[in-house]
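Me: Please take a close look at one part of this model, the place where the two chains meet. I would like the contacts there first and some background on a single chain after that.

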There are 2 protein chains.
Amino acid sequence: MPRPSTPLLSPDRIRSVALAIIDRDGLDGLSMRKLAAELGVQAASLYGHVRTKDQLLNDVASSILSSVDVSGFSVDWREGLLRCARSYRAALSSHPNIVPFLAYGPAGRDESLQRLDILHGALVDAGWSRREATMIAAGLMYIVFGSALSSFSSGFSSDPADYTGRYPHLDRAHLLPGVARELDRDSFELALAAFVRGL
Amino acid sequence: MPRPSTPLLSPDRIRSVALAIIDRDGLDGLSMRKLAAELGVQAASLYGHVRTKDQLLNDVASSILSSVDVSGFSVDWREGLLRCARSYRAALSSHPNIVPFLAYGPAGRDESLQRLDILHGALVDAGWSRREATMIAAGLMYIVFGSALSSFSSGFSSDPADYTGRYPHLDRAHLLPGVARELDRDSFELALAAFVRGL
DNA sequence: CGATTAACCGAACAGTGTTAGGTTAACCCA
DNA sequence: TGGGTTAACCTAACACTGTTCGGTTAATCG
């Protein structure tokens, strides 16, 4: 195929299809060739619009992080922490498959740094020391990423036989997959509430 | 090379060299060919001792998890939570490169389930409902995995120019890499203390 | 109208996990 | 002691992966 009259590719389209593949097939399910095929194109053509696969993943990640809301700090710092953590988790759990990639280096992305800057500033304004503010921000990220990552959704078996006998207190663990979404959310809320209350 | 007089390979030796490579070169730095080369062998020979690479990683992970200590619940549940979380984090942070793999499905490993069983039983004995016990265990794992994974060690730049101007409250972020280890530990302790206190 | 640039393709490179089939040494039993 | 079986390793290959190089054609601009 020569140069088409109207371009088939654009960074936006590439990002959106890439995210759709990740959501559907997982992080390992995304390959440049599969992505190209779904865009009606050969793999090499992608490199005219995207520098590397890693950069593409970073761009996808940034677009997800841009929905994190840090406006709650205008009320007070506790409310700010709660709202920030909730919207952060909501952003991650709507695209759970990309979380392992995101968890590698969240500090390097501009979207993360902007929000961290606001969060840090609000905590210092509220009277916490700079060091304390940093640690509180870190602790909040622990809960957000921990809940998005090591979620109970995946991991437990639905077969009672996998638990009875060997694990006396886990005799109902086989029911977890059915209530995983709800339980994950409630566990997150519990951890978040306990953390903010304990500060 | 024919069959050697004394075997070159054993599951133990394979696991330990694999872990050494992961510690040195990262999770992506481990390939079956490199692993084989360091064992003085060809890649195909590994498959006589190991089913798949994924299974090998699972075995390595299990050996790390076996050092997690849940004996503190004999004192009381708060002390149990604290000790368990600390030894869990210590186990993970001594091999940080394998944590991303571990975070995928911690519930499936026997070592995890055994410890989760004890933890869950102790919380129920202390008066928490089964559901609360599950959520508390989940919250503890959030903090442990979050702190081991999205650590501040990696992620921040040492160049002040990356922060001044754009992020007014992060003007000292370039100092973070130098104190990352200490700050990560303190942030973990803060989050853990706040969580357990807030319960 | 001519030159340049942008968009895509085909083929290739080095690397990945994994398997099939072959070779030889060690071991067990008659 | 000899013969058969098994265990441990090998070579070669398969189907992938991300990425690059050079080529071809259409759109665009002076």
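Reply:
**The interface of chain A and chain B**

In this predicted model, the side chains of A:R131 and B:D186 form a salt bridge, with 2.5 Å from N to O. A salt bridge here is a side-chain nitrogen of Lys or Arg within 4 Å of a carboxyl oxygen of Asp or Glu. Between chain B and chain A the count is 6 salt bridges.

Three helices of chain B, α6 (110-125), α7 (130-149) and α8 (176-198), each supply at least two residues of the side that touches chain A. Helices are DSSP runs of H or I with at least four residues, strands are runs of E with at least two, and both are numbered from the N terminus. The most comes from α7(B), which gives 14 residues to that side of chain B. By residue type, the side of chain B that touches chain A divides into 30 nonpolar, 14 polar and 10 charged residues. Nonpolar covers Ala, Val, Leu, Ile, Met, Phe, Trp, Tyr, Cys and Pro; charged covers Asp, Glu, Lys and Arg; the others, Gly among them, are polar.

In contact terms (heavy atoms within 4.5 Å), 54 residues of chain B meet 53 residues of chain A. Interface size is often given as the accessible area lost when the parts come together. Chain B and chain A bury about 4,700 Å² between them, 66% of it on carbon and sulfur atoms; this is the accessible area (1.4 Å probe) that the two parts lose on being put together, summed over both.

Next, the cysteines. A search of the whole structure finds 0 disulfides over all chains, a disulfide being a pair of cysteine sulfur atoms within 2.5 Å. A:C84 is buried at a relative accessible area of 2%, and B:C84 is buried at 2% relative accessibility. Buried means under 20% relative accessible area, exposed over 50%, and partly exposed in between (1.4 Å probe, protein chains only).

The C-alpha atoms of chain A fill a box of roughly 65 × 55 × 20 Å along the principal axes.

Residues are numbered from 1 along each chain as its sequence is written, and chains are lettered from A and ligands numbered from 1 in the order in which they are written. Local features need pLDDT of at least 70, side-chain atom pairs count only at pLDDT 80 or more, and totals for chains, interfaces and linings use all residues, while side-chain values use heavy atoms, with hydrogens and water left out.
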